Amino acid sequence: MILLEEGEYSLVCEDELQHAYRVVYCGKRILCCSCCGSLVRKRDTRKRVFKEEQDGSIRISRVVCLKCKRVHTVLPYCILPHKHYSRKVIEKIRRFGRISDAYCSNFRGENSTIYRWRKIG
């Protein structure tokens, strides 16, 4: 998995009604394999569902290492690995410890999820 920093990508809206976005890499650093450090090349994209103010999807790139042939997902800063909720939602709930009606009134997470997020931080 390769994580992009905040200024290294932009989100391009593909379908406004479906809240579908595509990640466009615009950074200056060369992406390298996180296992062996070799160069990578683009393989394909895949759909990733994420939840923020509204549920949406995002097309994220996958790259393959030229040396060890491992496939890596290139994640933007706004998406956390192995999480459905965006970084912004998780950080907001961890900071305030409860669901803010003004921020994410459609949050449907369990209390155990909120407890786990707060315990990690």
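Modeller: A residue is called buried when its relative accessible area is under 20%, exposed when that value is over 50%, and partly exposed in between. This is a predicted model, and by that cut-off buried residues make up 33% of the 121 residues in the protein.

Colleague: How do you know which residues Glu-14 touches, once residues up to four places away in sequence are not counted?

Modeller: A contact requires heavy atoms within 4.5 Å, and with that exclusion the residues touched by Glu-14 are Ala-20, Tyr-21, Arg-22 and Arg-59. As for Arg-59, this residue lies 45 residues from Glu-14 along the chain, while the two C-alpha atoms are separated by 9.3 Å.

Colleague: Why is the link between the side chains of Glu-14 and Arg-22 called a polar contact?

Modeller: The term asks for a pair of N or O atoms within 3.5 Å, one able to donate a hydrogen and the other to accept it. The side chains of Glu-14 and Arg-22 are joined at 3.1 Å, and because this value is within the 3.5 Å limit, the name applies.

Colleague: Turning to the strands, why is β6 described as largely enclosed by the rest of the structure?

Modeller: Strand β6 covers residues 71–75, and four of these five residues are buried, so the strand is largely enclosed by the rest of the structure.

Colleague: What makes β1 and β5 count as paired with β6?

Modeller: Pairing needs at least two bridges between two strands. Strand β1, residues 2–3, has two bridges to β6 in the parallel sense, with Ile-2 standing opposite Val-74; strand β5, residues 55–65, has three bridges to β6 in the antiparallel sense, with Val-64 opposite Val-71.

Colleague: How many residues lie between β5 and β6 in their hairpin, and which residue of the turn has a positive phi?

Modeller: Five residues lie between the two strands of the hairpin, and Lys-69 in the turn has a positive phi of about 65°.

Colleague: In what order do the elements of the protein run from the N terminus?

Modeller: The order is β-β-β-β-β-β-α-α, in keeping with a count of six strands and two helices.

Methods:
Residues are numbered from 1 along each chain as its sequence is written. This is a predicted model: local features need pLDDT of at least 70, side-chain atom pairs count only at pLDDT 80 or more; totals for chains, interfaces and linings use all residues. Side-chain values use heavy atoms; hydrogens and water are left out. Buried means under 20% relative accessible area, exposed over 50%, partly exposed in between (1.4 Å probe, protein chains only). Helices (H or I, at least four residues) and strands (E, at least two) are DSSP runs, numbered from the N terminus.
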